[in-house]
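Student: I would like to go through this model term by term. For each label, please set the value against its definition.

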2 protein chains.
Amino acid sequence: MNRLLADLRIVEFSAFVAAPLGGMTMAQFGAEVIRIDPIGGAIDYNRWPVTDAGASLYWAGLNKAKRSVALALDKPEGRELARAIAAASGPGGGPGGGPGGGIVLTNLPPLPGFDYASLKAVRDDIILLRLIGNRDGTAAVDYTVNAASGFPLVTGASGTAGSAPVNHVLPAWDIAAGLYLATALLAAERHRSRTGQGQEVVAALSDVMLAMVGHLGYVGDVHINGRARPAIGNDLYGSFGRDFVCADGHRVMIIALTPRQWRALGRATGLADKLAMAGAMMEADLETEAGRFEARDAIAALLARWCAGRTLPEIGAAFKGTGVLWGPFQDFVGLVRDDPRCSPANPLFAEVEQPGIGRYPMPGLPLDFGAAPRQPTRPAPRLGEHTDEVLAQVLGLPAAEIGRLHDLGIAAGPEGR
Amino acid sequence: MNRLLADLRIVEFSAFVAAPLGGMTMAQFGAEVIRIDPIGGAIDYNRWPVTDAGASLYWAGLNKAKRSVALALDKPEGRELARAIAAASGPGGGPGGGPGGGIVLTNLPPLPGFDYASLKAVRDDIILLRLIGNRDGTAAVDYTVNAASGFPLVTGASGTAGSAPVNHVLPAWDIAAGLYLATALLAAERHRSRTGQGQEVVAALSDVMLAMVGHLGYVGDVHINGRARPAIGNDLYGSFGRDFVCADGHRVMIIALTPRQWRALGRATGLADKLAMAGAMMEADLETEAGRFEARDAIAALLARWCAGRTLPEIGAAFKGTGVLWGPFQDFVGLVRDDPRCSPANPLFAEVEQPGIGRYPMPGLPLDFGAAPRQPTRPAPRLGEHTDEVLAQVLGLPAAEIGRLHDLGIAAGPEGR
């Protein structure tokens, strides 16, 4: 976390990954991000992984450092309060508040009164960022977008045309969409701070996928070449890289993208002469990526035998300081327990007490700003933790009125009351 | 593309995916992005997919709308020119240029004179954004970072402990890093426009991965629960979703995240009664995500038989307008040839003539800004296409001096001269 965006307030109506990640990224930049949920929580409030008591580690992970407000969004009075928070002046900036409010981020279907025209009627310069599924308004989520992307049919075991698709487990399209929303938010806020003009920004999750398939050259490949890249397992397309089994059962990824990495690999393994024979045998110029790709099975035959005769620590020792590009595979348990990068030894992480869950290392922003020092990582709120505070501070409601809203079931605090 | 950032100039020293994507995102927002490459191109200049003539569709895809300058970066005079371009005043803003220059984006090891202190000596308010591999300076790329992430060991076929890792094919960590860089760039530029202060921003690719593993709850899962999610193939973790084979051999992904989607699935398939029996049989409350996850094999048994008896068009007709969350799998060829979303029928795409390659649909920014209309998508430059233009316009060099630089092999145009 840092304080670069401390003058902004973002009001988030969200669920799952993309918009929560976009909002959390802003919170990690110091913005005041208020996630407004229905009383009892949104549909992602209990998402797995969960603790044995049912608390969602997923929700906690994607909502760190936000303020949580719980309102009866199914009632006009609850929605009216939410609209007022969305339109309020921003944090700081003197008695009347600063200009950095009026930014709404959502990946949910708009509630009545939360379309752009209605919000603009409440605050003329409002910025509304909406993530939708498909551009035509039909639903799409990471799983359906990924199915359409072409990637599941080139992921996993090679050489099996017509074989089963393999979905990625990382919600990569949601992540890209969330980070596009963060970029879009800053571009729109920059425009507003210069012109006074707000706007609606709409992104379709399927467009995020389509743009990336195009950027990576796969749309052009079909149009220009009339073909598509094959499924080649864990091999790198157009270069050399593959996974290998070590003597102790561990697995490693070994890669040679550049001529320097290629020569380092030959030197570190002592296989330079035999690798040259593999190139001659396959009539491939192994100084080029295309040559290494073409001769990859012959190269891999040598490296497989070399790895099979060595444990992971022996391979690590052989490659250390050589310029070989490689890395071991590890599972989530190994990553968390054995990899010092995934611990408070890395300034990215801090031990944080998460209410209702416990103490564990949480990541901050994976960006170090020279002019904006890291601030302590903050946990996710309890649901409704900041309802009263926000109603008082942002809307200026007196305590009696806040009490009335609780009595009527319009507002709720952390225990759902 | 739009014109929201037309007053910014970003100078990029890059290769592969992350920094080129971050820079291209800025170019698609209208910024002047100058990619400076060594004469002959950087290590990604010929990356696959390529045309039969060897032109890289990948390079074209990740460098659209940039200006390309080719300089002898291995010579002091070439580096001096590059530094001067990096430090120059920004586009527009009157005779002396605007304040929006002095932004450098890179994912390459710094050339001599391109560390932050040296750049700051040339322009005090310079912003330098650097993507590195690991925080300790050691190398890491998407493939090694992914191997360490835990995801390859829960991707693909289920129930096979100790089975082979499955790498994602989408360079998801590079994509996330590129979009983080875009966000960071705007946050740093916002800070500079308010305080006059530049800064260095450093992101490690492995930190991007680690942050995301943490955000999604997997670090907490190991710390708090002492366990990690298992490999469950294409099943959704903690909810219902799986791929199914249709009568015509096509495959579909069917998902029920919300109670509404679950009930829609029962109605649209006519299986509501049998699905209730599956719930009773498995003693699971199918109105909850956890219940559907627990009973997933019984649910899938019913859906598998239902899908196997129907072709993809029949399934599409049965689900249309019902609220069922589903989607067909398609390969890259199917995506490009049969999916209208991946064509100029979608405003995301425009037919663009890419020099040296041909005409094909290229994606713009997957974001629609109400106050910033879409501009025509622009192709990638030829390598060195803008060398002379930039030397003349940005540095104000006279034609004779530019000619001298060509003669000396310090600067090169599109044909490498």
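Student: What makes helix α5 (residues 142-149) of chain A largely enclosed by the rest of the structure?

Tutor: Buried means under 20% relative accessible area, with exposed over 50% and partly exposed in between (1.4 Å probe, protein chains only). In α5 of chain A, 7 of the 8 residues are buried, so the helix is largely enclosed by the rest of the structure. Those residues are A:Asp142, A:Thr144, A:Val145, A:Asn146, A:Ala147, A:Ala148 and A:Ser149. Helices (H or I, at least four residues) and strands (E, at least two) are DSSP runs, numbered from the N terminus.

Before going on: this is a predicted model, where local features need pLDDT of at least 70, side-chain atom pairs count only at pLDDT 80 or more, and totals for chains, interfaces and linings use all residues. Residues are numbered from 1 along each chain as its sequence is written, chains are lettered from A and ligands numbered from 1 in the order in which they are written, and side-chain values use heavy atoms, with hydrogens and water left out.

Student: What covers the buried residues of α5(A)?

Tutor: The cover includes α6 (172-195) and α7 (205-215) of chain A, together with β8 (251-256), β9 (325-328) and α14 (332-338) of chain B. After α5(A) comes A:Gly150, with a positive phi near 95 degrees.

Student: What is the buried area between chain A and chain B?

Tutor: Buried area is the accessible area (1.4 Å probe) that two parts lose on being put together, summed over both. For chain A and chain B the value is about 12300 Å², 70% of it on carbon and sulfur atoms. In chain A, the residues losing the most area to chain B are A:Trp48, A:His215 and A:Phe332, together 7% of what that side buries.

Student: Why is the pair A:Asp368 and B:Arg135 called a salt bridge?

Tutor: The term requires a side-chain nitrogen of Lys or Arg within 4 Å of a carboxyl oxygen of Asp or Glu. The closest N and O atoms of A:Asp368 and B:Arg135 are 3.0 Å apart, and the pair forms a salt bridge. The count between chain A and chain B is 14 salt bridges.

Student: Is A:Phe16 buried or exposed?

Tutor: A:Phe16 has a relative accessible area of 17%, and is therefore buried. A:Phe16 lies in the loop between β1 (9-13) and α1 (18-28) of chain A, and has a positive phi of about 65 degrees although it is not a glycine.

Student: What kind of peptide bond joins A:Trp48 and A:Pro49?

Tutor: The bond is cis, with omega about 0 degrees. A:Pro49 sits in the loop between β2 (32-38) and α2 (57-62) of chain A. Most peptide bonds are trans.

Note on methods. Contact = heavy atoms within 4.5 Å.
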